[in-house]
Amino acid sequence: MSVRPIQALAGWPGPRRRRLIALLAATLLLGACATSKPPRAAQSFAPVSNPSALLAAVRQAGAHDNSVLQVHPLRSAGVSALVAQAHAAATQADYAGAARLLDRALEFEPHAPDLLQARAEMALAQGDWTLAQQLAQQALRRGPRFGALCARGWQTLAEVARVQRDAATQAQAEQRVAACRRSDPPPE
């Protein structure tokens with residue numbers, strides 16, 4: 001037969017029981033006093049006034065980069081079709097639709113740096129700064145250290161930093177964009 005905690009207290013001597021109850025009450029009161037709203041984090045999602053301008057800046061960073069050999073992955077026809085549909089949706093400024101299509105493509109190729117970067121660009125266009133930053137960083141970790149994809153990744157990070165008014169991070173990311181165009185890989 002099990003003894004319930006409250007019934008177990010009934011068997012304790014009076015002064016000891018009162019001290020235990022007082023200690024529990026003080027602990028609960030102090031715990032309630034210490035509870036407050038968590039500090040407000042930096043805004044990670046905000047409406048974008050001109051998503052086309054953000055995307056143009058990112059894509060311009062990778063445009064006309066003939067400094068290195070560009071390698072395009074072999075992929076299934078299904079994933080290629082999803083990517084083409086996503087590109088068409090983004091061209092029509094349907095960034096949410098493009099994001100959904102790229103998410104489906106990433107289900108099949110979750111580590112493809114070009115897909116991660118394309119999805120980062122859609123997050124940027126939607127104003128989801130945290131997701132754009134995370135995906136661009138993943139694309140940079142998995143992708144080439146120089147060339148167009150590298151430049152687009154760092155430009156995405158520069159745009160996120162600019163919108164968040166982080167001048168130091170923006171300047172570092174812009175330096176890395178320039179380093180992606182050199183023949184030698186940028187320093188780690």
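Colleague: Which side chain does Arg-75 meet in a salt bridge at 3.1 Å, N to O?

Modeller: This is a predicted model, in which local features need pLDDT of at least 70 and side-chain atom pairs count only at pLDDT 80 or more, while totals for chains, interfaces and linings use all residues. Residues are numbered from 1 along each chain as its sequence is written, and side-chain values use heavy atoms, with hydrogens and water left out. A salt bridge here is a side-chain nitrogen of Lys or Arg within 4 Å of a carboxyl oxygen of Asp or Glu. By that rule, the partner of Arg-75 at 3.1 Å, N to O, is Glu-109.

Colleague: How many residues apart in sequence are the parts that Arg-75 and Glu-109 tie together?

Modeller: Helices are DSSP runs (H or I, at least four residues) numbered from the N terminus. Arg-75 lies in the loop between α3 and α4 (77-91), whereas Glu-109 lies in the loop between α5 (95-108) and α6, so the parts tied together are apart in sequence by 34 residues.

Colleague: Is Glu-109 buried or exposed?

Modeller: Buried means under 20% relative accessible area and exposed over 50%, with partly exposed in between (1.4 Å probe, protein chains only). Arg-75, with a relative accessible area of 21%, is partly exposed, but Glu-109, at 19% relative accessibility, counts as buried.

Colleague: Which helix holds Asp-114, whose side chain meets Arg-75 in a salt bridge?

Modeller: The side chains of Asp-114 and Arg-75 meet at 2.7 Å, N to O. Arg-75 is in the loop between α3 and α4, so this pair ties together parts 39 residues apart in sequence, and the helix holding Asp-114 is α6.

Terms used: Helix = DSSP H or I, 4+ residues; strand = E, 2+ residues; numbered from the N terminus.
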